[in-house]
Amino acid sequence: MQENREHWGNKLGFILAAAGSAVGLGNIWKFPYITGQNGGAAFIIIYLICILVVGLPVLIAEILLGRHSQRSPVSTFRLYAQKHKTLWIAVGWMFFATGLIILAYYNVVAGWSLGYILESLTGKIASLTSASDAAEHFRGLITTPAWILFWQFVFVSAGGLIVYFGVKNGIERIARLLMPLFFIILLFLVVWGISLEGSDKGLRFLLKPDWSTVNFKTVLIALGHAFFTLSVGMGVLLTYGSYLNKHDNIFFSGVMITLLDTVIALLAGLAIFTSVFAMGFDPAEGPGLVFHVLPAVFSSMPQGGLFSLLFFSLLSIAALTSTISILEMLVSTLMDETKFSRHHIVIGISLVIFLLGVPAALSFGEWSHITVLKLNMFDIMDYVSANILLPLGGLLVALFVGWYMTKKGVLNELFQGYGTDLSKQRAGSIWYFLVKFVAPVLIFLVFLSAIGVLR
Ligand code: TRP
């Protein structure tokens, strides 16, 4: 199976694809609204700490695990788990299940974004002058099953088509094409946002911490989001790492991916909050922020229609390069575990994902009455996967690399393609310490606080 495993064309291709995975709805849709709801700058500081001491180390651990095994998650655990093999294989399948859940509801939001490109093109967005108009329009759309299901279907198909062509010709090629385009659009939007009159209020919101709203729950949300935004905790980067060559530098790539993801989240926050504040809208609006606050913001500024078109293109690109990474993990798992071909698996699994997404898609209209603990299907899928399954997955990866594998084997793998001079050895030791002790303890504490044991 390993002899004919595909590999990335080159290192840059891998970094762009992995950064494309990391940069997604999480950065542009979720990060701004949870920042808005959790106190702005204070939340950002906690989030950055989570990224640095937990997210980055576990991200490197995941990539390392995949590069070492050259296999998908389930097969990797089967190969390396000496004790409790069945349990670890089950962990691999838990990753698979997490991927199914995230992908299912993620495609729904991605579909909205695609639909909003058309809404921008037809001039509809530019005509929504008040926030309540824009909100009502959004409500109207997301309670129309035909509209949501259509765009969801288009999006699932687009992702499927790319993954159908494989790692080098599908994923890598699209990342090379779209990531630079993404960056250009983003920079343009940031400059535009800052140049608006009154944008300084948005800057202050992003830079001046208000600690009064911070509690354990804030930290849980920040940690969960650190995993979500970096694509860590369910074997996606493990899978991408499994297509790396032995001479590639995992440490450097991990730092680059994390840096790109963080900078892009902050830039997106900058573009969004400067315009939201400049136009006098509410930053704590929640999940609807980019779909009903921004359209109203757009229509009240000069050339808003163009801004809107660019923004939703940006969001769709970000979402696409992320969905294909999750899909690739699912496909790769089934390719390693069954005898089916990539093509058959892609078609089958895309269909399953579309169907699983239907309850999430209908959560806002037809099926909004189906709730557990006041959460609709969409919210449950989001909450369970992002706040429980991902941190749990991250914890298990850290434990596996830190405690199940030998330190020598792990560090050898890290230093391959990285080098072994003294400063690198030191960086390696710090990383190992973070993965073995710091990350597991922190994740565990946050879990305890979440279930109310710590107060
Ligand atoms: N990181 C992406 C985002 O911020 C979402 C994502 C892609 C993801 N692949 C993942 C999340 C794997 C968790 C695990 O939108």
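Which hand does the crossing of α6 and α13 have, left or right? Keep that in mind while you get your bearings; the second stop has the reply.

**Before you start**

You are looking at a predicted model, so local features need pLDDT of at least 70 and side-chain atom pairs count only at pLDDT 80 or more, while totals for chains, interfaces and linings use all residues. Residues are numbered from 1 along each chain as its sequence is written, and side-chain values use heavy atoms, with hydrogens and water left out.

**Stop 1: colour by confidence**

Begin by colouring the protein by pLDDT, the predictor's confidence in each residue, from 0 to 100. The mean is 91, and 98% of the residues reach 70 or more. Select residues 236-241 to see helix α11, where confidence is highest at 98, then residues 371-372 for strand β1, where it is lowest at a mean of 80. Helices here are DSSP runs of H or I with at least four residues, strands are runs of E with at least two, and both are numbered from the N terminus.

**Stop 2**

Two packed helices are described by the angle between their axes and the distance between the axes. Axes are lines fitted to C-alpha atoms, for helices over the stretch in contact, and angles run from 0 to 180 degrees between N-to-C directions.

Select residues 131-142 (helix α6) and 289-299 (helix α13): their axes come within 8 Å and cross at roughly 140 degrees. The two helices are therefore oblique to each other (angles under 35 degrees count as roughly parallel, over 145 as roughly antiparallel, 65 to 115 as roughly perpendicular and the rest as oblique). And here is the reply to the opening question: the crossing of α6 and α13 is right-handed. A crossing is right-handed if the near helix is turned clockwise from the far one by less than a right angle, and left-handed if anticlockwise.

Now show side chains. On α6, Ala131, Ala134, Ala135 and Phe138 make the contact, and on α13 the partners are Phe291, His292, Pro295 and Ala296. Contact means heavy atoms within 4.5 Å. By class, these residues are seven nonpolar, one polar and no charged (Ala, Val, Leu, Ile, Met, Phe, Trp, Tyr, Cys and Pro count as nonpolar, Asp, Glu, Lys and Arg as charged, and the others, Gly among them, as polar).

**Stop 3: α14 and α15**

Next, select residues 304-337 (α14) and 342-361 (α15), which pack at an angle of about 130 degrees with their axes 10 Å apart. That angle makes α14 oblique to α15. The crossing is right-handed. Side chains to display include Leu327, Leu330 and Val331 in α14, and Ile345, Val346 and Ile349 in α15. The contact of α14 with α15 has nine nonpolar, one polar and two charged residues.

**Stop 4: α5 and α16**

Select residues 85-121 for α5 and residues 377-404 for α16; the pair packs at about 145 degrees, with axes 10 Å apart. The crossing of α5 and α16 is left-handed. Among the residues in contact are Trp88, Phe95 and Tyr105 of α5, with Phe378, Leu389 and Phe400 of α16. The contact of α5 with α16 counts 18 nonpolar, three polar and one charged residues.

**Stop 5**

Follow the chain from Ser69, in helix α3 (residues 41-69). Ser69 is buried, at 2% relative accessible area (buried means under 20%, exposed over 50%, partly exposed in between, with a 1.4 Å probe and protein chains only). Beyond neighbours within four places in sequence, Ser69 is in contact with Thr76, Leu79 and Tyr80.

Gln70 sits in the loop between α3 and α4, and its phi is positive, near 55 degrees, although Gln70 is not a glycine. Gln70 is buried too, at 14%.

Step on to Val74 in helix α4 (residues 73-80). Is Val74 buried or exposed? Val74 is buried, with a relative accessible area of 0%. Thr333 is 259 residues away from Val74 in sequence, yet their C-alpha atoms are 6.6 Å apart. Val74 is in contact with Thr333, and with others including Trp93.

Finish this stretch at His84, in the loop between α4 and α5. His84 is not a glycine but has a positive phi of about 50 degrees, and at 48% relative accessibility His84 counts as partly exposed.

**Last stop: α17**

Select residues 407-415, helix α17, whose buried residues are Val410, Leu411, Glu413, Leu414 and Phe415. After α17 comes Gly417, with a positive phi near 85 degrees.
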